[in-house]
Amino acid sequence: MGKGMAVFLGFVIPWVMYVVVSPFFNYFDVKTASPLILGMPPLMFWDTLWIILTPLFLLLAYNIEKRGWK
Amino acid sequence: MSYSTISLTIIFSWIVLTLLIGVLAGIKKKFSLDGYLVSNRSMGFIFLYVLLAGEIYSAYAFLGVAGWAYSYGLPIMYAFGYGTLAYAFGYFFAEYIWRAGKKFSFVTQADYFRKRYNSKGLAVLVALIGIVFNVPYLQLQLQGLGYILHATSFGSISVNTGIVVGMLIMLAYVYTSGLRGIAWTNLMQSIMMFVIAWVILFSIPFIKFGGISEMMKHLAQVKPHHLILSGKMGVSWYISTMVLSGLGFFMYPQMWPSIYSSNSLRALKKTYVFLPLFSIFLLPIFLAGASVAAAGIHLGRADEAVLTAVTMVYPKWVLGIVGAAGFAAAASTASAIILTLAGLLSKNLYGMFKENASDKELVLVSRISVLIFGLAAMFLALFAGGRLVALLLLAYSGITQMFPGAFMGLFFKRFNKVAVTSGLIAGLITITYLKFFGPGNLLGIHFGLWGLLVNVIITFAISAVSKEDENFRPFKKALQSVEV
């Protein structure tokens, strides 16, 4: 595992989750006001979730990278 | 004591505290240019984190995010996304900036362009772009600051007085203490912003509606389109704005001195690992703005949303605390911009035309430049409110045009000064045309991204018919030789 894996975890995954995946969460039935996940429409939930998950993936990238630092 | 006196006392105390901490941080120090602009590259994780967090989230994190949540709803999710995307990108990109800064003693963004492309002309162009697009942004911060102080003091402080007081306080500590003063004040400013958002704003939908779900159900009845991306702010707009903003984020010149100031690669990387967690404070701000819309309240201007949300559920004096947080947000951003612009003017414009200028002379010119930019922004804010709005509309898209030269030039050996300068100019022409003479967001895609596309095509086309740039390999080799 090297720089490539760090880039995949810390960069590719967050970018894919927002740019590619998040638009699929853009659905909401205004008549029934659903679905709400933790009170949020799906897109909002997804975008908020990845604010929390991205640091975890960046931390994995950091741990991989720091092995190569002197 | 009346609510307005309490409110004013809170705001005034906070402003005085900011002034004291900012000035004391550097009043007894004699600064070199490195010390003044990048704090001698001595910032550890904590100071770097709060320096960046305070710098990034401005008065418009409060006014703008809540205002958008109130006016449009979900489209502001692009701001949730682009910050995180920018940090994920910055985690890797900032390493190159930091290495270059350490190796060549850079203090500005334009220094980097000058060395990589061995071009004074390109460095001057980059410095000018940074200045031209940032002055209106600075002015906007001041206007936001003036407005917040006016509203939260219940009119005791006029908007103009707020602008003048805010700027004089900032000038005092930026002039005296440089980046060190900004880092110390940002330590308290960023904590203030974060705590106020989570303690006061997050509770609003719970107190007013009984919970976030209940607030959203009200919102679905009152403003159904707020809960889904549609129309002009549909998915194409959302993605393209997020991508443009995510890529353009690090092209703002004020990001660079902060990166140079890190004392180690570890501190820098850790900062980017944890910065997304700071940005989650946008959630309570969104909820506050959405609560005003869900309550069916009609506002004269959307900027009022966050303050209206507070007065919906709290005693009026609480606005004083929010006013202090608003001052914190505006001052922490504006002070960093002033110092960055001063660095560009002194090192890259003055210093390039007077190459034998001593370090002491450059510090003095930087300090004078701090006063010039601070006062210029103050007078613009006082007397020319909307005059620079055209520049502001182009600002983010314009700054983003530096992306190929700054980032892609690290990987493409044929990228040279002619290719990068041509692409940059073509990008700027494209965005100006689309925004003011053409269709704006063509096919629903942000006009800035079209500019970047033209920019990249031109840069690659000219590079393709060029030889390898002779600066490429020495520059890359120098970056790799930096000890971390």
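A salt bridge is a side-chain nitrogen of Lys or Arg within 4 Å of a carboxyl oxygen of Asp or Glu. This is a predicted model, in which local features need pLDDT of at least 70 and side-chain atom pairs count only at pLDDT 80 or more, while totals for chains, interfaces and linings use all residues. Residues are numbered from 1 along each chain as its sequence is written, and side-chain values use heavy atoms, without hydrogens and water.

**Exercise 1.** Find the salt bridges between chain A and chain B.

Solution. The count between the two chains is two. In one of them, A:Glu65 pairs with B:Lys269 through their side chains, at 2.9 Å from N to O.
The most comes from α2(A), with 15 residues.

**Exercise 2.** Describe the extent of the interface between chain A and chain B.

Solution. Start with contacts (heavy atoms within 4.5 Å): 38 residues of chain A touch 43 residues of chain B. Then take the buried area, the accessible area (1.4 Å probe) lost on putting the two parts together, summed over both. The value is about 3500 Å², and carbon and sulfur atoms give 77% of it.

**Exercise 3.** Compare the radius of gyration of chain B with that of a compact globule.

Solution. The radius is taken over C-alpha atoms, and the globule rule is 2.2 Å times the number of residues to the power 0.38. For 484 residues a compact globule would be near 23 Å; chain B has 22 Å, which agrees.

Definitions and conventions: Chains lettered and ligands numbered in written order. Helix = DSSP H or I, 4+ residues; strand = E, 2+ residues; numbered from the N terminus.
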